[in-house]
Amino acid sequence: MLFKQQVLLRQKLFVLGSLAIGSLLYLVARVGSLDRLQPLCPIDGRFGPRGQDEIPLRALQFKRGLLHEFRKGNATKEQIRLHNLVQQLPKAIIIGVRKGGTRALLEMLNLHPAVVKASQEIHFFDNDENYAKGIEWYRKKMPFSYPHQITIEKSPAYFITEEVPERIYKMNSSIKLLIIVREPTTRAISDYTQVLEGKERKNKTYYKFEKLAIDPNTCEVNTKYKAVRTSIYTKHLERWLKYFPIEQFHIVDGDRLITEPLPELQLVEKFLNLPPRISQYNLYFNATRGFYCLRFNIVFNKCLAGSKGRIHPEVDTSVITKLRKFFHPFNQKFYQITGRTFNWP
Ligand code: A3P
């Protein structure tokens, strides 16, 4: 009898203990989100009405994924009406550069309560077939958001595709354009590594980087190789500048985004006229991944997929030197045009 009572008492204590721990966890999680519920400074002009000084709690739940079905475009008409949700054209686009850290930048900006990301690369402006479907098709590809939030999409192919600047200009001549760059030779090798992995997955063989990057006839840098051409940032930027003034661009240092993301993100917040909301709390270094990962709150965090942060193959040092020498004058021009200098060799 006594034994039975002891068992019952233990069970009661267990239930009470679980409830207490559950409540405690809930409270900590709430404090975490309340911390992010501090009133927002007004979001400037282009990005919505002034005086919108608070992100409603449901916006944060929305960002945490509780209403994630909205983001996938599955919201019912009733839900859309109830939450006053809209699909907005992007106010800012990450136009490139491929392998510069475009995904990391988009995901990290998405930590901001006033930012909503288009999860997929939409390839509207660089793909003729998509472009022919019209702007409404593009808008319908955007995630649902609250009217005071801004939508950002990224399609790195935009940066290098001839027709894109004019097409984006026609949609919105005052749009903000983000370009994330890395040291050009490293970026080219990263680009090669991605293609190489694709070939390996299909059990195909592929050339060594050295063979593609250097023309065997002239022993000079092979400017026909796409990975090399993409890294000549200034050439591409000059095409964009025929449509947009340099003030509409912000250059993100992709190498710094890897090692020290917060200051880079703070510069983007400023460029987008967003109140500073991304903090060190939102970014933690994951030693296993070797990269910073994202923390939305105490229960919701994530690292980028394994396809980001691949191990690069070793490349002959003479080829690296040759490439760096080749990129040098283009880099100087890029610094001059953008007003942002990097320590690229
Ligand atoms: P590597 O795979 O060469 O390391 P993109 O998204 O434009 O394809 O860029 C991919 C690059 O983003 C990766 O290149 C990686 O170095 C970089 N990156 C920057 N921050 C990262 C992060 N927090 N997690 C993973 N990769 C990150």
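I started with strand S2 (residues 92-96) and strand S6 (residues 176-181), which run parallel and are joined by four bridges; one residue I checked was Ile94, whose bridge partner in S6 is Leu178. I took strands (E, at least two residues) and helices (H or I, at least four) as DSSP runs numbered from the N terminus, and two strands as paired if DSSP finds at least two bridges between them.

The model is predicted, so I kept to the rule that local features need pLDDT of at least 70 and side-chain atom pairs 80 or more, while totals for chains, interfaces and linings use all residues. Residues are numbered from 1 along each chain as its sequence is written, and side-chain values use heavy atoms, without hydrogens and water.

I then followed the sheet, which is open and has five strands in the order S3-S5-S2-S6-S7 with parallel pairing. Its edges are strand S3 (115-117) and strand S7 (249-253), each pairing on one side only.

Next I looked at helix H14 (residues 261-271), which lies across S6 and S7 and runs at about 170° to S7; axes are lines fitted to C-alpha atoms, for helices over the stretch in contact, with angles from 0 to 180 degrees between N-to-C directions.

Last, I noted that helix H5 (residues 102-109) packs with H14 at about 70°, their axes 11 Å apart. In H5, Leu105, Met108 and Leu109 meet Pro261, Leu265 and Val268 of H14, where contact means heavy atoms within 4.5 Å.
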